[in-house]
Amino acid sequence: MNMVDSIQVVLGGLIVGCVYALIAVGMSLIYSVSRIINLAQGGFVVLAALTAVSLQQRLGTSPFVVLVLVVLIFTVGLGAVDIVVMRPAARRATPDQVLLVTVGVLQTIGGLLLLLWGSLPYTMQPFTGAKPLVIGGVKIATQYFWIVGALALAVAGLWFLLHRTGLGLTMRATAQNPEAARLNGVDVDRVRLIAFGISGAMAALAGATVIPMTFLQFDTVTPYAVTGFIAAVIGGLGSTAGAVAGGLLLGVLEGVFSRYTSSSLAEVAAIAVLIILLLLRPAGLFGRVSEVRR
Amino acid sequence: MDSRSPVTPPEGGGQGGSRTERGLRPALAAVGLVVALALPYVLPGTTSLLVIVGVFFLIVLGLNLLMGQAGQTSLGQTLFMAIGGYGAGLLALKLHWPTALAAAGMAVVSAGVAAVLGAAFLRLRGYYLALATLGLAVITQNLATGLGPLTGGPSGLVGIPSLRLGPIVFFSDQANYYLVLVVCGLGAWFVGNLQRGQTGRALSAIAADPQAAAMLGIKPSRYKTRAFVVSAVFASLGGSLYAFYFRFISPEMVGVTVAFAIVIMLTLGGARTLAGPLIGALLLQGLPMAGQRVALWEPLVAGLVLIVIVTYFPLGIWGGTRALIGRWRP
Amino acid sequence: MTEPLLAVEDLTRRFGGLTAVNDVSCGVEPGTILGVIGPNGAGKTTLLDLITGFTRPDAGTVRFAGRDIGGIEPYRLPSLGLMRTFQSARLVPELTVRENVMLGAYRFTRSRFLSDGLRLPVSRREERGLAARADELLRFLELQGVADRIAIDLPAGVQHLVEVGRGLAGGPRLLMLDEPAAGLDDTETAELGEVLRAVRTGGIAVVLIEHNIDLVMNISDRVLVLDAGVAIADGAPERVRADAAVIAAYLGEEGRDT
Ligand SMILES: Nc1ncnc2c1ncn2[C@@H]1O[C@H](COP(=O)(O)OP(=O)(O)O)[C@@H](O)[C@H]1O
Ligand SMILES: [Mg+2]
């Protein structure tokens with residue numbers, strides 16, 4: 001494999017990596033303020049992507065309007081999911097039951113996709129034309145910059161929120177120790193609601209920017225959900241930087257692996273990594289030590 | 001060492017379970033058996049569906065022991081379905097093993113795999129165990145797809161022979177139905193016995209409070225691993241029956257969606273009971289067969305139902321009903 | 001050479017800056033009752049946890065029946081003859097009182113997954129034996145009336161008694177009870193005292209953590225007083241009752257409160 005090919009493969013991996021990173025950052029945020037693992041996060045990305053496709057077809061407006069609309073819809077939508085589904089579950093159920101609830105949400109998303117969009121794969125026109133940039137023989141689709149931009153925007157926005165606002169301070173305090181924060185009068189429910197809203201925006205950013213580069217349908221929800229989760233675990237649940245690194249790393253590895261073997265076997269390798277990590281280093285490559293084992 | 005007399009000898013005394021329930025149980029079982037035997041004649045069109053319901057009933061029964069009784073969530077039962085299905089299918093197809101022997105052999109293999117995995121996995125806490133086993137489910141589907149030369153890849157393994165026991169070949173829907181009925185009956189009997197015996201009590205103790213259980217002399221890790229092994233054997237046998245019935249097995253049949261469905265069946269019907277898994281399997285496998293439109297709605301409804309049941313009715317349909325009846329009884 | 005059944009030496013356990021158990025030594029002879037008293041937070045439960053391997057000591061040794069049981073895995077203790085109850089009863093929620101007591105005799109049963117699942121004769125025989133033994137113990141504790149009730153539906157006091165029954169079902173040489181009289185009224189407490197005397201007569205040693213001073217003083221052969229992790233007195237009940245340090249630290253305050 002020559003140089004140009006190699007770069008091409010890595011770039012391809014980074015695209016998926018950005019999506020995994022966005023999923024992982026959202027999961028990680030929710031986990032840190034509520035200790036809930038929202039397995040459905042990856043499902044929302046696919047739902048957002050197909051919503052973007054349909055909006056684009058119906059409204060015929062520019063992709064940017066569509067992007068903004070989808071972000072709004074999913075911010076509000078995940079807030080609603082939190083209030084309607086997660087809040088009662090978190091009150092009544094044990095942590096592994098709450099995980100089952102998020103499995104239920106994932107399943108519901110898959111079901112909704114099947115019902116509303118059928119079983120065919122969908123894609124969309126790139127935001128800024130199909131003509132790629134060529135730099136030194138390496139072809140870079142312009143959509144690529146949108147995806148990377150979405151990730152950068154999300155991370156920068158989250159950083160600003162967490163470190164430059166009063167709300168962010170409360171959120172960080174909650175992340176330190178949700179129970180202690182609750183006892184100190186923090187409205188933990190509200191913090192989680194906001195975290196869900198933000199994770200919805202991230203899912204929307206990921207879905208709407210990646211769909212022009214790929215095909216998605218109802219049964220892609222599970223791979224996204226699972227791989228996004230692996231990225232979050234690799235990064236150490238609760239760490240934004242870790243989640244981004246984990247996502248990009250997984251994307252690249254997957255790109256490289258699938259070049260040599262099938263993509264199924266690449267995923268097997270990724271998950272084997274997850275399981276070994278859970279067993280050996282539950283706090284992730286970058287994370288703090290947490291209580292995973294009995 | 002201690003030389004105090006062990007458990008004092010028999011001579012009457014107490015009995016487990018409430019009296020009403022003990023009186024009802026044989027009657028219910030008898031009625032159930034008559035209905036089950038008659039079903040293929042009463043509703044001839046549904047025999048094929050009932051075979052599948054039976055297969056999943058068997059798998060959920062095994063999970064019931066691990067998840068319901070011992071409180072360990074496994075989203076990865078499809079791994080053992082695949083070992084049983086692909087393994088027995090390949091042994092019969094490629095190496096011409098007798099089908100029953102192939103199924104039994106793969107059940108042993110599944111038990112071994114579960115023993116090894118269990119020792120490592122069951123140390124993980126609550127949802128980390130669920131997530132690691134979810135990993136197993138994804139690996140299973142991808143291996144079935146990716147190991148094309150062995151498994152036939154995405155299009156599956158075709159040409160698996162029917163199950164044969166001596167002179168009987170289980171080819172028709174009806175033959176398979178009665179076969180599955182017998183296996184499920186035995187499985188339910190086994191799990192029911194376990195649940196009512198000292199082992200069932202020990203598993204409940206571990207689920208409720210591992211430390212307190214240990215203080216009674218119960219080693220939690222050993223019990224959890226064994227429950228995992230039993231659940232693996234049930235799933236493996238289910239997978240073998242599935243493959244021999246369809247004479248075919250594909251990655252979709254052991255996919256992640258199926259892994260979720262198995263857990264949903266248990267949660268929906270109600271863990272720690274025998275009727276719960278049956279109700280769950282009937283609803284989840286039966287509904288899609290009711291028609292094209294229903295089949296389209298099924299994944300959505302299954303997801304919503306899982307959310308509602310786990311949040312509001314953690315005992316499931318059957319468990320909840322029993323609790324209600326129990327409350328009304330004087 | 002005679003060593004007590006339970007010999008605790010210089011046991012220390014710290015939680016961060018707090019020393020919950022500070023250099024405590026004590027012993028229990030077969031067929032005697034050791035009462036352990038002390039204000040809340042004195043380290044009584046932590047002492048039991050250290051003996052039963054629930055927490056690791058920072059220093060000190062625990063010997064039981066001539067054997068070092070420091071760092072032992074708890075599940076091995078019943079077969080050595082050591083059983084305990086918990087301050088807040090930890091019964092199996094969905095089982096009946098009888099079933100909970102049957103589980104107490106776990107260490108005597110040989111039937112496991114296969115024999116139970118296949119209902120082999122060994123399993124059926126043991127099951128009958130377990131039920132009979134449980135009923136015997138429930139009669140002894142005068143709990144036969146609630147044998148078929150779901151354990152956790154009962155009042156906390158009764159649950160403690162069931163835990164005592166569960167402990168006895170294990171045929172212990174030493175039974176350690178963490179505040180078993182909590183939630184019992186005076187008559188029931190007196191009955192518990194009788195039960196424990198009968199247990200002692202049967203040759204079983206008892207460690208009794210209790211807030212009810214009268215109960216402890218009445219039935220103990222020896223009393224250990226803990227205060228802020230330190231053993232401030234250890235001896236015969238009369239001597240301890242008269243001890244100035246104990247009065248100052250504990251009995252006096254208790255007297256003022258109530
Ligand atoms: N796991 C623990 N972590 C931190 N502190 C503990 C822990 N267990 C007990 N403690 C502290 O140790 C002290 C003794 O507790 P405990 O043994 O429960 O007292 P007692 O049973 O005499 O009321 C208390 O101050 C308690 O807060
Ligand atoms: Mg205490």
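In the predicted model, Asp148(C) is partly exposed, because its relative accessibility is 43%. The side chain of Asp148(C) forms a salt bridge with that of Arg98(C), with an N to O distance of 2.7 Å. This pair links distant parts of the chain, 50 residues apart: Asp148(C) belongs to the loop between H5 and helix H6 (156–169) of chain C, and Arg98(C) to helix H3 (residues 97–104) of chain C. Arg98(C) has a relative accessible area of 7% and is therefore buried.

A salt bridge also joins Asp221(C) and Arg200(C), whose closest N and O atoms are 3.0 Å apart. Because Asp221(C) lies in the loop between helix H8 (213–219) and strand E9 (222–227) of chain C and Arg200(C) in helix H7 (residues 186–201) of chain C, the pair ties together parts that are 21 residues apart in sequence. Asp221(C) is partly exposed at 36% relative accessibility, whereas Arg200(C), at 18%, is buried.

In the salt bridge between Asp49(C) and Arg84(C), the N to O distance is 2.7 Å. Asp49(C) is in helix H1 (residues 44–51) of chain C and Arg84(C) in strand E6 (residues 82–84) of chain C, so parts 35 residues apart in sequence are tied together. Both Asp49(C) and Arg84(C) are buried. In chain A, a network of salt bridges links Asp82(A), Arg87(A), Arg91(A), Asp189(A) and Arg192(A). Over all chains, 18 salt bridges are counted.

A surface patch of positive charge is formed by Arg196(B), Arg119(C), Arg124(C), Arg125(C) and Arg128(C). Helix H5 (residues 121–140) of chain C contributes the most to this patch, with three residues. Arg125(C) is located in helix H5 of chain C and, with a relative accessibility of 45%, counts as partly exposed.

Key. Residues numbered from 1 in each chain as written. Chains lettered and ligands numbered in written order. Predicted model: local features only at pLDDT ≥ 70, side-chain atom pairs only at ≥ 80, totals over all residues. Heavy atoms only, no water. Patch = residues over 30% accessible without salt bridge, like charges linked within 9 Å, V, L, I, M, F, W, Y side chains within 5 Å. Areas by Shrake-Rupley, 256 points an atom, 1.4 Å probe, with all protein chains shown as cover. Salt bridge = Lys/Arg side-chain N within 4 Å of Asp/Glu carboxyl O. Lys, Arg positive; Asp, Glu negative; His and termini not counted. Charge placed at Lys NZ, Arg CZ, Asp CG, Glu CD. Helix = DSSP H or I, 4+ residues; strand = E, 2+ residues; numbered from the N terminus. Buried < 20%, exposed > 50% of the residue type's maximum accessible area, 1.4 Å probe, protein only.
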